[in-house]
Amino acid sequence: MPPKKRRQKVQTATAAAKAHSQDTTRLINQALADGNDIAQLRKLAAVRGLVNTELRAKLWPRLLAGQEGFPTLPAAAAAATAAAGGASPVPHAAAHSHHISSGGLNRRLSISSPVAGGSNSSSSGGGSAAGQSEALEQYLEWAAGTHKDSNTVKVDVERSLHSFASFLSSEEREARREELARLLNAVVVKHEGAVHYYQGLHDVAAVLLLVAGELPAFDLLCRLATGHLRDATRPSLDPVIELLGLMQLIVREADSELASFLEQQGLPPFYALSWYITWFSHDLSQFGEVCRLFDLFLATHPLMPLYVGAVAMHSQRSQLLAAEEMPMLHSKLVNLAITKRATADQLAVQAIELFKRAPPQQLIASHSLLLQQCVAPRVRLQGGVWQYPEPRTSGPGLWSQQRLQLLVQQMLRLPLPGTPAQRKKLVLASVTGVLGSIYVVAMCMLMARNGNASPLTMLYKL
């Protein structure tokens, strides 16, 4: 393309992004003026995105908590909101940019920042200076505590904030890591054994930290750990492994040919583990893309990451269908650049349409699935607030050891193409891949139960 046309194309795209940003901001202000219309705010966040960091810091708590999220504004902002008549307008953004300036990152501990008093409460201690100071002291006490995964948190934090946080200087990165360690430890210690750390939670927490600041991120992460990510913060990953059994059904709704190919290859759904427990923050290198998907996930059902994964797979179906063996297919999926063929905006819109066409409860009912341990498929909105049920049982789930063994046996009976020598090679490679996945998952679960550091990151890039 000639340089002149390239410049014109860039200018056109920039102008369109600016217009989109301004229109989205106008719609958000309108929703705030209309009695803080949380349903409309969630719709805007999911379909259009929240444009920039400032809007996200303001609205992410509201998306997750519903009407309960509105009192979590800092005391000064809350007073200004009340004086203005209830809804504080948000500024128009100059461009559709997600980049955080270094000045915006220097959010230190502040007594005016909200601290969650509980998974369903907003600000602890009210808006008074004394109450905020008390909340800050409580947060620091939790952050200084220890738990069985303290060493794992330390190791994960030390290697964090690289991929999508390349804009940080070395000094900023170290400062954010100190905040991240406090944040993660405080969430686990606060819940006194009810919430367990898992490798990957630090990726989610890092995004919340960079956008909202340390104490607001604590409020958000407390809600996520006891809400949207509850299946992952239990004593083991059994509930997550169980709900991953829905992945094949979701892929079939998005692309039946690709789903049949996955079945023929005998591929377990472990490739989607990182997508679900990190909200793609472990897999994307552009911070704007990560934030755009967080807009979607905070505003919608907890299983939406699986739907995004399915539409991303569909967008790269040719690459996946070209895989000759199951291990190769597994490798392509765990290393899938999900925004290679579709933007984060496009994936969000397509995932919403797929969810509307095939919601989790419909898939569960139509296939007579009995999900015993996970709760995410049964989460629902009631009165604008997410309702999280308790698990039905702690017994073996959809991906129990017996089911995994049956999977291998069924795979061995599949008709395979090629000569006898080629079929033997394919069977051996497939069995090796399946058994390798089973071994890693089993080791992760065993080590987690024993209180040791779980090598969950091995599952990210097998």
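Which residues form one aromatic cluster? Trp60, Tyr271, Trp275, Trp279, Phe280, Phe294 and Phe297 do. The model is predicted.

**Aromatic pairs**

The count comes to 11 aromatic pairs. One of them joins tryptophan 279 and phenylalanine 294, with ring centres 5.1 Å apart and planes at 80°. Planes over 60 degrees apart count as edge-to-face, so this pair is edge-to-face. Tryptophan 279 sits in the loop between α14 (273-278) and α15 (287-299). Phenylalanine 294 belongs to helix α15. The pair therefore ties together parts that are 15 residues apart in sequence. Both tryptophan 279 and phenylalanine 294 are buried.

**Aspartate 295**

Helix α15 also holds aspartate 295. Is aspartate 295 buried or exposed? Aspartate 295 is buried, and its relative accessible area is 0%. Its side chain makes a polar contact with the side chain of arginine 56, at 2.8 Å. Leaving out residues up to four places away in sequence, aspartate 295 touches Ala45, Ala46, Gly49, Leu50, Arg56, Trp60 and Leu63. Trp60 is also a member of the aromatic cluster.

The two side-chain pairs compare as follows.

| Pair | Kind | Distance |
|---|---|---|
| Tryptophan 279 and phenylalanine 294 | edge-to-face rings | 5.1 Å between centres |
| Aspartate 295 and arginine 56 | side-chain polar contact | 2.8 Å |

**Helix α12**

Helix α12 spans residues 247-254. How many of its eight residues are buried? Six are, and the helix is mostly covered. The buried ones are Met247, Gln248, Leu249, Ile250, Val251 and Ala254. What do these residues pack against? Their partners are α11 (238-243), α13 (256-265), α14, α16 (304-315), α19 (344-357) and α20 (360-366).

**Helices α1 and α3**

Helix α1 covers residues 3-33, and helix α3 covers residues 53-65. Their axes come within 13 Å and cross at roughly 45°. The two helices are therefore oblique to each other. The crossing of α1 past α3 is left-handed. Which residues make the contact? From α1 come Thr25, Ile28 and Leu32. From α3 come Leu55, Lys58, Leu59 and Arg62. An α-helix has 3.6 residues a turn, so residues three or four places apart point the same way.

Key: Residues are numbered from 1 along each chain as its sequence is written. This is a predicted model: local features need pLDDT of at least 70, side-chain atom pairs count only at pLDDT 80 or more; totals for chains, interfaces and linings use all residues. Side-chain values use heavy atoms; hydrogens and water are left out. Rings of Phe, Tyr and Trp (its six-membered ring) pair if their centres lie within 6.5 Å; planes under 30 degrees apart count as stacked, over 60 as edge-to-face and the rest as tilted. Helices (H or I, at least four residues) and strands (E, at least two) are DSSP runs, numbered from the N terminus. Buried means under 20% relative accessible area, exposed over 50%, partly exposed in between (1.4 Å probe, protein chains only). A polar contact is a pair of N or O atoms within 3.5 Å; within protein, one must be able to donate a hydrogen and the other to accept it, and residues adjacent in sequence count only if both atoms are side-chain atoms. Contact means heavy atoms within 4.5 Å. Axes are lines fitted to C-alpha atoms, for helices over the stretch in contact, and angles run from 0 to 180 degrees between N-to-C directions. Angles under 35 degrees count as roughly parallel, over 145 as roughly antiparallel, 65 to 115 as roughly perpendicular and the rest as oblique. A crossing is left-handed if the near helix is turned anticlockwise from the far one by less than a right angle, and right-handed if clockwise.
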